[in-house]
Amino acid sequence: MFSKVLVANRGEIAIRIIRALRELGIRSVAVYSTADEAAMHTRLADEKVCIGPAQSKSSYLNAPALISAAQIKGADAIHPGYGFLSEDPGFAEVCEQAGLKFIGPKPQDIELMGNKLKAREYVDGLGIQVLPGTFQEIEDEQHAIRTAKDIGLPLIVKAAEGGGGRGMKIIYDEDQIPNIIKIARSEAKSAFGNASLYIEKYFEFVRHIEIQIIGDGNGGVVALGERECSIQRRHQKFIEEAPSVAVDDKLRNRMNDTAVRIARHIGYRGPGTIEFLLDEKGKFYFMEMNTRLQVEHPVTELVTGLDIVAEQIRIAGGEKMTMSQRDIRVKGHAIECRINAEDPQTLVPSAGKITTYLQPGGPWVRVDGHAYPGYDVPPYYDSLVAKLIVWADDRDRSIRRMQRALDEFVIEGIKTNIPLHKKILASKDFLLGNITTRFIDKFI
Ligand code: MV4
């Protein structure tokens, strides 16, 4: 097992990983930019290193600085968290070349699933239902128009190197095709350095359901059930829950099996997520795979009682998996609300000093955050300040508990989305579980 791990991230996820390391008896090294000198993750780690100026490109995305920091501190592994370099196959490769274990999947698996078009082809090759659409990149307008005739409108254009909804465009009308393809291509080129696009049929009133899996790297894979992630805002997840009201035991087993089949075929290592769209008839389609620890992993931890991050570190350190499918049970109901420092109307990030910070507590309430009274939210990074996660034995009680916890949460000095969370949780449709990917539009 490792004796020291460098955590190549910031914010709540850096803290989550540092906590897991501490419980495993492994020393932690925090890295920070000059804007994060007072950040909580630097205080909780055993050691810390400044890796550059505020801009992510010069610090948290600066691979040479991270590798040198790890070597200077004598770390034997790097945990990338989520975002930043977590899904960069080149970084995973460079870590291994420098003799540092990358706590994540093998570089070739990150690469395969990072290209969403190749991933579609791969999964289709296993005989698994993928979203109807193209398996080659769109060559030109004519190709796109032929595709529209084949699969029917509406369509959705996605960037092959995109994912997570970034660079997606919906086409309702054939006349829009040339223009949207042109815009999508140039956006994909500048955002991902790759202009490659593909098209799928656009499903409008469906659910975004994802399955958490963990692999041992040798074909051993367990599935931890689903998360309902349909409530998203500008393709950022907003509320996640486990289990989904739309998934019964039979469907859960089928989705678990499908996810396991994909991960087993790869010989996937560590935690990963298979995203599906689920229609009203209970039919599900593969959408994409995320090859990282995800923001919303805590809801799965609360319903399974498992520590996904500790397991990830143990597997990377060469230990046998402690989880076995027979022992995995989904119990009760968990909800996560992402608390962002942002203007609820404009969505503009709200940086500045937090004058009052009082976080909720009590039974079955978990806050994964990094803010404290007097903390100055820097303007350079993602606006997530805390994840509020609750558990209860059923969904109604879980909602009530979340409402109680949101009522206790006081954050002053910056704007947050807490009021919008309260509004959604009080709505009849949320209570009834009537949620689709179009749900949040009604509240804005
Ligand atoms: C879709 C879709 C419908 N049809 N693809 C969003 C996140 C990213 N992983 C893929 N996403 C979607 N892909 C097809 N072919 C619906 C979503 C989607 C969504 C779309 C618009 C508004 C909110 C959404 C929430 C979840 C998923």
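The axes of H4 and helix H5 (residues 107-114) come within 8 Å and cross at roughly 175 degrees. The model is a predicted one.

**H4 and H5**
- Angles over 145 degrees count as roughly antiparallel, and H4 and H5 are therefore roughly antiparallel to each other.
- On the H4 side, Pro89, Ala92 and Glu93 make the contact, and on the H5 side the residues are Pro107, Ile110 and Glu111.
- Sorted by class, the contact of H4 with H5 has four nonpolar residues, two charged residues and no polar ones.

**H3 and H4**
- Helix H3 (residues 63-73) and helix H4 (residues 89-97) have axes that come within 11 Å and cross at roughly 30 degrees.
- Because angles under 35 degrees count as roughly parallel, H3 is roughly parallel to H4.
- The crossing of H3 and H4 is right-handed.
- H3 contributes Ala63, Leu66 and Ile67 to the contact, while H4 contributes Phe91, Val94 and Cys95.
- By class, this contact of H3 with H4 has six nonpolar residues, with no polar and no charged ones.

**Arg395**
- The relative accessible area of Arg395 is 10%, so the residue is buried, the cut-off being under 20%.
- A polar atom of the Arg395 side chain lies 2.9 Å from the backbone oxygen of Phe430.
- Apart from neighbours within four places in sequence, Arg395 is in contact with Glu241, Val245, His333, Phe430, Leu431, Leu432, Gly433 and Ile435.

Key: Residues are numbered from 1 along each chain as its sequence is written. This is a predicted model: local features need pLDDT of at least 70, side-chain atom pairs count only at pLDDT 80 or more; totals for chains, interfaces and linings use all residues. Side-chain values use heavy atoms; hydrogens and water are left out. Buried means under 20% relative accessible area, exposed over 50%, partly exposed in between (1.4 Å probe, protein chains only). A polar contact is a pair of N or O atoms within 3.5 Å; within protein, one must be able to donate a hydrogen and the other to accept it, and residues adjacent in sequence count only if both atoms are side-chain atoms. Contact means heavy atoms within 4.5 Å. Axes are lines fitted to C-alpha atoms, for helices over the stretch in contact, and angles run from 0 to 180 degrees between N-to-C directions. Helices (H or I, at least four residues) and strands (E, at least two) are DSSP runs, numbered from the N terminus. Angles under 35 degrees count as roughly parallel, over 145 as roughly antiparallel, 65 to 115 as roughly perpendicular and the rest as oblique. A crossing is left-handed if the near helix is turned anticlockwise from the far one by less than a right angle, and right-handed if clockwise. Ala, Val, Leu, Ile, Met, Phe, Trp, Tyr, Cys and Pro count as nonpolar, Asp, Glu, Lys and Arg as charged, and the others, Gly among them, as polar.
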